[in-house]
Amino acid sequence: MEKFALPEGFLMGTATASVQIEGGDKNNTWYKWCEEGHIKDGSHCITACDHWNRVEEDTELLKELNVDTHRMSLEWSRVEPKPGIFSDEAIEHYRYEIQLLIKNSIIPFVTLHHFSEPLWFDEMGGWTKEENSRYFLEYVQYVVEKLGDLVTDWVTFNEPNVYTKFGYIFGMWPPGKRSLLKSFKVYTELIKTHIKAYDIIHSVRRLKGFKGETKVGFAMHIRIFCGISPVGKTLAKAVDYLFQELYMEGMIRGKIKFPLPKNGYRYCRGTYVDFIGINYYTRNIVEFVFSPSSLFHSLKCDKELEKNDLGWDIYPKGIYQVCKKYYERYKLPIYITENGISDKNDEKRPNFIANHLANVAKAISEGIDIQRYYHWTLMDNFEWLEGESAFFGLYHCNFKNQIRTMRPSGKLYGMICKEKKLTEEMIKEFQRN
Ligand code: BGC
């Protein structure tokens, strides 16, 4: 750990997602995926952290962390239980939750799509059918009309690249498809839908006369891919292009690039984000493998680096590298929309937080305009295929009795949120070898 200071006005927060914490919803694609027995430890998102019934308690947790802002997602299947039928009850619930944040001086940052969809949308063919995106856009319009007086800051899609990779290429997540060609169609649909949603959010807020500057973006999972051999290096570039570049250039600039259908044309000319949202976790070494089903590559770890509980490399410098890369290219403010670690015993998280934030501070001191950092995540939650066996929380959550307990790293994070710096005293108290 090393001392650092973040500039005045820098905002710090936490990030969560509806299916991962709320529990109780049977109308979304992950509910069905759990019912079908895909979750490694047999757990189920129907439980999660029961956050739907514990909004007040969980707002208190946020207060204890001294966060300036909180990123949460809305569950589309709750808000629109049937096509074209919206639930006043669900929207009132979210209104109440957001008002609670505001009452406690926490700026709400709202994600509209975080890996889950209503079952009816999936049954219609999801994003593989061009005509279906209108349903998502109607949901966006409805939500912004209902909540746009309270919320200025929006994320359209969380990690479209991870969603497409696991849901449409490798079939490990809902909707369980395995088709590269189909996935390219989905890429194009998500790009076009993001751009339309960007326009809708801006225009609804403007036409309704809602106060405050509207800020819209998407949260992109950005990894560092590197190769060791010449083949590995070439493959790393290809993976970077397919996994990241297609979405970055598509969603930010409206470019539909090769090999997406109708590539070479510019869907529209402009810039369709107000910030670059980066979810940064790790780095991978790309190696060639003779296996068409894994697209001729595998992602390896670096033996030299420390790992989190899931075996991911801990590489704090990477957060600096990705911010620099995208800031130099797009010259837009950067929000770290997620960064975190699965660490059940909290042995590595204090250092993880300090070292990643030190790199953020370094980037800022070099003129890279990073404005926010959201730690993933508030409390242990339903971690997709890992179920209840990954531990990303600043609070431990006991899923049996729903008791939340702050981890030491939560205490450290709370102090950094308050002071916007890491001091010698904090290092003495929290440094782990
Ligand atoms: C996702 C989260 C997830 C986290 C940790 C991100 O890719 O947005 O939903 O829990 O990583 O795996």
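The legends below describe close-up views of a predicted model, in which local features need pLDDT of at least 70, side-chain atom pairs count only at pLDDT 80 or more, and totals for chains, interfaces and linings use all residues. Residues are numbered from 1 along each chain as its sequence is written, and side-chain values use heavy atoms, with hydrogens and water left out.

**View A. The shell around the ligand.** The ligand is surrounded by 14 residues, a residue being near if one of its heavy atoms lies within 4 Å. Gln-20, His-114, Glu-159, Glu-383 and Trp-384 are the closest. By class, the shell holds six nonpolar, five polar and three charged residues.

View B. Polar contacts are pairs of N or O atoms within 3.5 Å. A side-chain N or O atom of Gln-20 lies 2.8 Å from a ligand oxygen. For His-114, the distance from a side-chain N or O atom to an oxygen of the ligand is 2.9 Å. Asn-158 likewise has a side-chain N or O atom 2.9 Å from a ligand oxygen. The protein buries 95% of the 310 Å² that the ligand exposes when taken alone (Shrake-Rupley method, 1.4 Å probe).

**View C. Cysteines without disulfides.** The whole structure contains zero disulfides, defined as cysteine sulfur pairs within 2.5 Å. Cys-34 is in no disulfide, and its nearest cysteine sulfur, that of Cys-45, is 3.7 Å away. Cys-34 is buried at 7% relative accessibility (buried is under 20%, exposed over 50%, partly exposed in between; 1.4 Å probe, protein chains only). Cys-226 is also in no disulfide, with the sulfur of Cys-301 the nearest at 11 Å. The relative accessible area of Cys-226 is 22%, which makes Cys-226 partly exposed.

Technical notes: Polar contact = N/O pair within 3.5 Å; in protein donor to acceptor, adjacent residues only side chain to side chain. Nonpolar A, V, L, I, M, F, W, Y, C, P; charged D, E, K, R; others polar.
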